[in-house]
Amino acid sequence: MSKQWAGKDGAFKRQQSSFKEIVSPSHPVYKPEMGRYWLYVSLACPWAHRTLITRAIKGLTNVIGVTVVHWHLDEKGWRLLTSNESLGVKAYTLAGGISTSKEDRSYAVGAIPNNSARLFVDSTFDPNNGFDRLSQLYYKSDPEYNARFTVPVLWDKKTNTIVNNESASIIRMFNSGVFDEFAGSDATGYDLTPKSLTPQIDEFNGWVYDNINNGVYKAGFAESAEVYEKEVTNVFENLDKVEKILADKYAKLEADLGKDARDKILQRFFTVGEQLTEADVRLYTTIIRFDPVYVQHFKCNFTTIRDGYPYIHLWLRNLYWNFDSFKETTNFEHIKLHYTRSHTRINFLGITPLGPKPDIRPL
Ligand SMILES: N[C@@H](CCC(=O)N[C@@H](CS)C(=O)NCC(=O)O)C(=O)O
């Protein structure tokens with residue numbers, strides 16, 4: 001494994017995950033338990049965001065704790081607040097902040113127990129180990145670890161090891177139901193990958209991952225115009241494909257439910273089948289970042305979602321405004337600040353564009 005993002009040809013290469021255990025009653029070590037597992041996420045990261053949405057959809061916010069890293073990624077990786085910093089209201093100061101350039105808004109609220117309210121603070125600390133760097137979790141699990149320190153991380157408090165650091169696999173694990181018995185009345189039992197739709201979900205995820213989720217990174221991190229032009233064109237060709245799927249879906253629902261039944265249509269307006277699935281979760285975390293960041297920062301600027309893709313735009317706003325699990329896990333400040341101030345090769349001055357206004361339009 002390598003620490004480099006780009007290969008010799010200037011093309012972006014995404015890191016393969018190295019921890020791949022699955023919590024299950026039949027696993028010799030990692031059994032499902034109340035409060036035993038803990039997520040480390042960035043609110044900026046689209047891959048980590050998938051795990052937060054799924055955790056919320058399944059009603060697991062009291063079963064699996066969360067630590068949010070600071071939005072700034074530096075040469076040593078992601079940073080956590082120390083518990084001293086976290087106890088003050090405004091414990092950490094850094095130049096910048098979106099709504100005021102004079103005062104940073106990076107503060108943390110104290111030791112809130114394992115609670116979804118933690119999603120709203122700018123960064124939290126590591127109550128399990130008191131670490132101030134995500135890298136320490138990796139070294140504690142594997143002293144020889146020599147690849148990048150990525151989020152999300154699913155941590156086991158009992159063995160002090162990383163169980164899994166691959167979002168696709170973490171969300172399947174959460175969805176599998178192994179934690180439902182601990183969620184009590186919060187458990188929703190909602191299935192994001194129902195058997196009858198799984199082949200279609202997998203097929204959709206496959207091309208969406210390569211061409212859209214990771215496609216925007218391949219365009220944005222390209223180190224030659226030629227690679228960039230090829231990748232950005234590919235991103236928009238694939239957005240066109242999603243737009244067509246959603247336009248056809250909308251027309252079918254209109255035919256079934258009537259032209260005036262917009263509310264009923266929206267209850268079934270999803271990418272695969274007529275119910276919310278993992279395919280929507282995985283696409284959402286890229287599309288919600290598209291207009292605020294990818295358009296300008298990754299130069300994915302043939303058009304915006306809001307102006308160029310009416311059906312994707314409707315689908316996006318439906319998820320954001322009608323589903324708490326999407327809205328409450330979306331933090332536009334972290335998203336904008338992280339990309340524009342961490343990728344200094346792309347944006348040397350670290351000036352964060354204020355627009356678009358608003359971050360997302362009303363439904
Ligand atoms: N395969 C991983 C990819 C995760 C990933 O690339 N995370 C990025 C943030 S968006 C990261 O943590 N990068 C830190 C670094 O490169 O130092 C997953 O989907 O879970």
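Modeller: Two residues are said to be in contact when they have heavy atoms within 4.5 Å of each other. The model is predicted, so local features need pLDDT of at least 70 and side-chain atom pairs count only at pLDDT 80 or more, whereas totals for chains, interfaces and linings use all residues. Residues are numbered from 1 along each chain as its sequence is written, and side-chain values use heavy atoms, with hydrogens and water left out.

Helices (H or I, at least four residues) and strands (E, at least two) are DSSP runs numbered from the N terminus. Ile 53 counts as buried because its relative accessibility is 0%; buried means under 20% relative accessible area, exposed over 50%, and partly exposed in between (1.4 Å probe, protein chains only). When neighbours within four places in sequence are left aside, the contacts of Ile 53 are Val 281, Tyr 284, Thr 285, Ser 325, Phe 326 and Thr 329. Ser 325 is 272 residues away from Ile 53 in sequence, yet their C-alpha atoms are 5.4 Å apart in space.

Helix α9 covers residues 278–294, and its 17 residues reach 22 Å from first C-alpha to last, close to the expected 24 Å. That expected span is 1.5 Å times one less than the number of residues. Because 17 of the 17 residues of α9 are buried, the helix is largely enclosed by the rest of the structure.

Most residues other than glycine have a negative phi, and most peptide bonds are trans. Lys 299 counts as partly exposed because its relative accessible area is 37%. Asn 160, in the loop between β5 and β6 (161–164), also has a positive phi, near 55 degrees.

Two peptide bonds are cis. The bond from Val 151 to Pro 152 has omega near 0 degrees, and Pro 152 lies in the loop between α3 (135–141) and β5 (153–156). The bond from Gly 355 to Pro 356 has omega near -5 degrees, and Pro 356 belongs to the segment after α13.

The segment after α13 (332–342) also holds Ile 351. In contrast to Ile 53, which is buried at 0%, Ile 351 counts as exposed because its relative accessibility is 58%.

For the chain as a whole, there are 13 helices and six strands. Buried residues make up 56% of its 363 residues. Among contacts with a separation of 6 or more, 70% join residues 24 or more positions apart.
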